Amino acid sequence: MAEGRAVQVGDLGDQFLLLLGGERSGGHQNRLAVALLGPPAHTTGPAAGYVYRWFTDPSSRLIYPEDEHPHHSRVMVYDLRAAIGRRGYDAQSMDMVTRLRRASREFSELWETGDVAVRRGDRKRVIHPTLGVVEVHCQNLFSEDGRQRLQFFTAPAGSPAVEQLRLLTVIGVQNFSGSTAEV
């Protein structure tokens, strides 16, 4: 994310990419990220941010196996604390923390630990409606000021996910489960 140059997420070829712009931003996904993760939420305010929805809308967790939810919760809270620290505990960020603490006991308990961790990369298992569980590496690249994050998803070499992601580049957002998806 070079200074003075906007990254067009949709123009980066056959990469699975998600550009996030802060805790109140829903981000921008290219077509392959939509195919893997589903369409972005069409909301505004705090609910536009994925972390907020994770703790307030149980349906946002459906793309990950239930036994991995505690891990994702910890990672999100610790990373949020790091991001807010970089922003100097600004009013908008702290308002979101206050809202989350009121709305989610889980968030509140994790926030109280005081743990901080910058999420640079993680293994994720995504539940895809057609392909089943797809295991990917999720890497994060940060803008110089840390306010934007580019997430990209790759398959571990030699894993079934290599072929699953190749197949997603072909089928895209087509839904073979019988229900229609909004994109």
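**Notes on a predicted model: helices, core and selected residues**

1. **Ala82.** Leaving out residues up to four places away in sequence, Ala82 touches Val116, Ala117 and Val118. Contact here means heavy atoms within 4.5 Å. Ala82 sits in helix 3. Ala82 is buried, at a relative accessible area of 9%. Buried means under 20% relative accessible area, exposed means over 50%, and partly exposed lies in between (1.4 Å probe, protein chains only). Ala82 and Ala117 are 35 residues apart along the chain, yet their C-alpha atoms are separated by 6.2 Å.

2. **Ground rules.** This is a predicted model, in which local features need pLDDT of at least 70 and side-chain atom pairs count only at pLDDT 80 or more, while totals for chains, interfaces and linings use all residues. Residues are numbered from 1 along each chain as its sequence is written, and side-chain values use heavy atoms, with hydrogens and water left out.

3. **Overall layout.** The protein has six helices and five strands. Helices (H or I, at least four residues) and strands (E, at least two) are DSSP runs, numbered from the N terminus. Along the sequence the pattern reads β-β-α-α-α-α-α-β-β-β-α. The protein has 183 residues, and 43% of them count as buried. Take the contacts between residues at least 6 apart in sequence: 52% of these join residues at least 24 apart.

4. **The core.** Which residues touch the most other members of the largest nonpolar core? They are Leu36, Phe55, Leu80, Leu100, Phe107, Phe153 and Leu168, in a core of 34 residues. Several elements each supply at least two residues of this core, including strand 1 (16-20), helix 1 (31-37), strand 4 (132-142) and helix 6 (160-171). Helix 3 gives the largest share, five residues. A nonpolar core is a set of buried Ala, Val, Leu, Ile, Met, Phe, Trp, Tyr and Cys residues joined through side-chain atoms within 4.5 Å. In soluble globular proteins, nonpolar side chains tend to be buried together.

5. **Leu36.** Is Leu36 buried or exposed? Leu36 is buried, with a relative accessible area of 2%. Set aside neighbours within four places in sequence. Leu36 is then in contact with Phe16, Val126, His128, Val134, Phe153, Leu165 and Leu168. Val126 is 90 residues from Leu36 along the chain, with 7.7 Å between the two C-alpha atoms.

6. **Helix 3 against helix 5.** These two helices pack at an angle of about 60°, with axes 10 Å apart. Helix 3 is therefore oblique to helix 5. Axes are lines fitted to C-alpha atoms, for helices over the stretch in contact, and angles run from 0 to 180 degrees between N-to-C directions. Angles under 35 degrees count as roughly parallel, over 145 as roughly antiparallel, 65 to 115 as roughly perpendicular and the rest as oblique. The crossing is right-handed. A crossing is left-handed if the near helix is turned anticlockwise from the far one by less than a right angle, and right-handed if clockwise. Ser73, Arg74, Val77, Tyr78, Leu80, Arg81 and Ile84 in helix 3 meet Glu106, Phe107, Leu110 and Trp111 in helix 5. By class, this contact has seven nonpolar, one polar and three charged residues. Ala, Val, Leu, Ile, Met, Phe, Trp, Tyr, Cys and Pro count as nonpolar, Asp, Glu, Lys and Arg as charged, and the others, Gly among them, as polar.

7. **Helix 4 against helix 5.** Here the angle is about 120°, with axes 5 Å apart. Helix 4 is therefore oblique to helix 5. Helix 4 passes helix 5 in a left-handed crossing. Val97, Leu100, Arg101 and Ala103 in helix 4 meet Arg105, Phe107, Ser108, Trp111 and Glu112 in helix 5. This contact has five nonpolar, one polar and three charged residues.

8. **Arg74 and Tyr89.** Arg74 is in helix 3. Arg74 is partly exposed, with a relative accessible area of 35%. Tyr89 lies in the loop between helix 3 and helix 4. Tyr89 is partly exposed too, at 43%. The phi of Tyr89 is near 55°, a positive value in a residue other than glycine.

9. **Asn140.** Where is Asn140? Asn140 lies in strand 4. Asn140 counts as buried, at 6% relative accessibility. Leaving aside neighbours within four places in sequence, its contacts are Arg119, Arg120, Gly121, Arg149, Leu150 and Gln151.
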